[in-house]
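Keep the viewer open while you read, and take the points one at a time.

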Amino acid sequence: MTEQILFDVQAGVATITLNRPDRLNAFTTQMTAELLAALKTCARDDAIRCIILTGAGRGFCAGQDLSEIEALTGSVSDHLRHGFNQVVLSMRGLEKPIIARLNGAVAGAGLGAALAADLRIAADTAKFASAFLGIGLVPDTGVSWLLYHLAGPARAFELIATGRRLDAAEALAFGLVNQVVPAAELDARVAELAQALAQAPTRGIGLSKRLLNRVAHLSLAEALEYEAQVQDIAIATADHREGVAAFLQKRPPHFQGR
Ligand code: LHQ
């Protein structure tokens, strides 16, 4: 079996590359399983302090491989429960920063994977589509929830129900990406951001992600209490002590992610 993702770790940054470029990196069951295994490695390996998710070739990910749909055994709901739902939950639950490097087309389940990342940096040539309705389906892979929360209900409905494709500038205006950069500068910009994140207090970032995942469902009073509880964990980290010591000694901090 050929590998459908590439996995590389350099200087604390893991790069996961969806690697079916002739199909715009459309998801097969195998590729989903490989992605889940890579995310598990990222969660377990303390040396990995930032993750980049990207696609090989001219696309990021065109969603479910449509040629595989007919061959799916069992219900589509089970396919989603065991596949894309686990990808989204693994990404949101991974307490390390994940950058989606959006080099080209982002569609269907590929849009879900991109929106489940923590930061999205898009090439100015990237384009975005919900794509589900084009084949008579409703959004899955978290796209309804993630679009609702990132872009708001009216824009979420527009993207889902009209099939409108967004270019990178429109995706920025919709709140779907953090930055748009010239395609030739994408690698440098993503590498610079990933390096900065890999040298930051990893536990603090992970705990902040835990907070943001939770507060969406809480009242202000509940969120204040939850912040206080998570701060008890953060204040016990070595990186907290290092940050305070570096500040008082007027030197740059050296965070170790612990
Ligand atoms: C593809 C695909 C693809 C296979 C491009 N599959 N080959 C749903 C149902 C059930 C179970 C679970 O989950 C889901 C979730 C979903 O993700 S549903 C949504 C599935 N995705 C789509 O419907 C998107 C289909 N693709 C497109 O609309 C376009 O390809 C986009 C807008 C992404 C990009 O357009 P272009 O840049 O013009 O590229 P292209 O269409 O020429 O594609 C290049 C090649 O990639 C082409 O093959 P070819 O042999 O002609 O060069 C496409 O057939 C192939 N490809 N997406 N999802």
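1. Is the crossing of H6 and H7 left-handed or right-handed? Bear in mind that this is a predicted model. In it, the two helices cross in the right-handed sense.

2. Stay with that pair for a moment. H6 covers residues 143–151 and H7 covers residues 153–162. Their axes are 7 Å apart, and the angle between them is about 135°. Since angles over 145 degrees would count as roughly antiparallel and 65 to 115 as roughly perpendicular, H6 ends up oblique to H7.

3. Who meets whom there? From H6 come Ser-144, Leu-147, Tyr-148 and Ala-151, and on the H7 side they meet Pro-153, Arg-155, Ala-156, Leu-159 and Ile-160. Sort the residues of this contact by type and you get seven nonpolar, one polar and one charged.

4. Next, have a look at the sheet. It is an open one built from six strands, in the order E1-E2-E3-E5-E7-E10, and its pairing is mixed. At the edges sit E1 (5–10) and E10 (179–181), each of which pairs on one side only. Going from one strand to the next, the twist averages 20°.

5. Is Val-106 buried or exposed? Its relative accessible area is 0%, so Val-106 is buried. Leaving out residues up to four places away in sequence, Val-106 touches Phe-60, Cys-61, Leu-111, Ala-114, Lys-127, Phe-128 and Ala-129.

6. Last one: Arg-20. This residue is in the loop that links strand E2 (13–18) with helix H1 (29–44). Why does Arg-20 count as buried? Because its relative accessibility is 15%, and the cut-off for buried is under 20%. As for its contacts, again not counting residues up to four places away in sequence, Arg-20 touches Gln-4, Asn-25, Ala-26, Thr-28, Met-31 and Asp-65.

Definitions and conventions: Residues numbered from 1 in each chain as written. Predicted model: local features only at pLDDT ≥ 70, side-chain atom pairs only at ≥ 80, totals over all residues. Heavy atoms only, no water. Helix = DSSP H or I, 4+ residues; strand = E, 2+ residues; numbered from the N terminus. Buried < 20%, exposed > 50% of the residue type's maximum accessible area, 1.4 Å probe, protein only. Contact = heavy atoms within 4.5 Å. Axes fitted to C-alpha atoms, helices over the stretch in contact; angles between N-to-C directions. Parallel < 35°, antiparallel > 145°, perpendicular 65-115°, else oblique. Left-handed = near helix turned anticlockwise from the far one by under 90°. Nonpolar A, V, L, I, M, F, W, Y, C, P; charged D, E, K, R; others polar. Pairing = 2+ DSSP bridges.
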